[in-house]
Amino acid sequence: VLEHADLELAPAVTDLFEWLTILALDAYATAGRRAVAERAAEQLEAGTPVVLLTPDLPAVWLVGAPTEDALDSILARAMLLVVRVGAPSLVLDVSGLADANARAVTAAMARLWEHRRMGQVELVVVGAATEVADRWRREADAHKVATSWFERCDDALAHAARRAGISILRR
């Protein structure tokens, strides 16, 4: 292009192409960062354990900083297990979350409280910070959801197992 431009236009055309190069590189870098973030969110969603500890005791261990969509998917899998096995309790360990006060967590929990089956299930929460526990306790009470709060996972599992009619003995 420069060979067809007048000599006085050469600096302006050079500046224009430098600017376009910078824009293209910035767009490429931004797309790469977004792709990595999306891949991480997908892996976190797929890799978050939603398990049956016993035939009628589901549990979820939330870790990292999942997106709102990932949390909705994880909690939906948990509720499917609750309904499928007729579980009296759902164990939810939030001690692995990077920030239990994050907007994504707050929004997903609000939808969980509203789930029509939650009124029949006790949510056994493990590892919530005091401020989170207080806020969630108020929200659960407002939606008539039974909750129990534990600092340690073994205490929560023993409580949930008792509710399911399972006796756990400690040595």
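A polar contact is a pair of N or O atoms within 3.5 Å; inside a protein, one of the two must be able to donate a hydrogen and the other to accept it. Keep that idea at hand as we tour this structure, which is a predicted model.

Let us begin with E122, a residue of strand β4. Its side chain makes a polar contact of 2.3 Å with the side chain of S148. Is E122 buried or exposed? Its relative accessibility is 6%, and buried means under 20%, so E122 counts as buried. Leaving aside neighbours within four places in sequence, E122 is in contact with several residues, including P88, S89, L90, H159 and R163.

**The sheet**

Strand β4 belongs to an open sheet of five strands, placed in the order β1-β2-β3-β4-β5 with mixed pairing. At the edges are β1 (50-54) and β5 (147-150), each of which pairs on one side only. From one strand to the next, the twist averages 25 degrees.

Look now at β3 (residues 89-97) and β4 (residues 122-126), which pair in the parallel sense over five bridges. Within this pairing, L90 stands opposite L123 in β4.

**The helices around it**

Helix α3 (residues 103-114) packs on the sheet and touches β3, β4 and β5, its direction making about 155 degrees with that of β4. Helix α2 (residues 68-85) lies across β1, β2 (57-64) and β3, and runs at about 30 degrees to β1.

In soluble globular proteins, nonpolar side chains tend to be buried together. Here, the largest nonpolar core has 32 residues, and V60, L62, L90, L92, M109, L123 and W136 are those with the most contacts inside it. Two or more residues come from each of β2, α2, β3, α3, β4 and α4 (130-142). Which element gives the most to this core? That is α2, with seven residues.

L123 shows how such a residue is surrounded. Beyond its neighbours within four places in sequence, L123 is in contact with L90, L92, M109, L112, W113, M118, A146, T147 and S148.

R103 sits in helix α3. R103 has a relative accessible area of 63%, and exposed means over 50%, so R103 is exposed. The side chains of R103 and E68 are joined by a polar contact of 2.9 Å.

E8 lies in the segment before α1. With 64% relative accessibility, E8 counts as exposed too.

| Pair | Apart in sequence | Apart in space, C-alpha to C-alpha |
|---|---|---|
| R103 and R162 | 59 residues | 33 Å |
| E8 and D69 | 61 residues | 55 Å |

Note on methods: Residues are numbered from 1 along each chain as its sequence is written. This is a predicted model: local features need pLDDT of at least 70, side-chain atom pairs count only at pLDDT 80 or more; totals for chains, interfaces and linings use all residues. Side-chain values use heavy atoms; hydrogens and water are left out. Two strands pair if DSSP finds at least two bridges between them. Helices (H or I, at least four residues) and strands (E, at least two) are DSSP runs, numbered from the N terminus. Axes are lines fitted to C-alpha atoms, for helices over the stretch in contact, and angles run from 0 to 180 degrees between N-to-C directions. Contact means heavy atoms within 4.5 Å. Buried means under 20% relative accessible area, exposed over 50%, partly exposed in between (1.4 Å probe, protein chains only). A nonpolar core is a set of buried Ala, Val, Leu, Ile, Met, Phe, Trp, Tyr and Cys residues joined through side-chain atoms within 4.5 Å.
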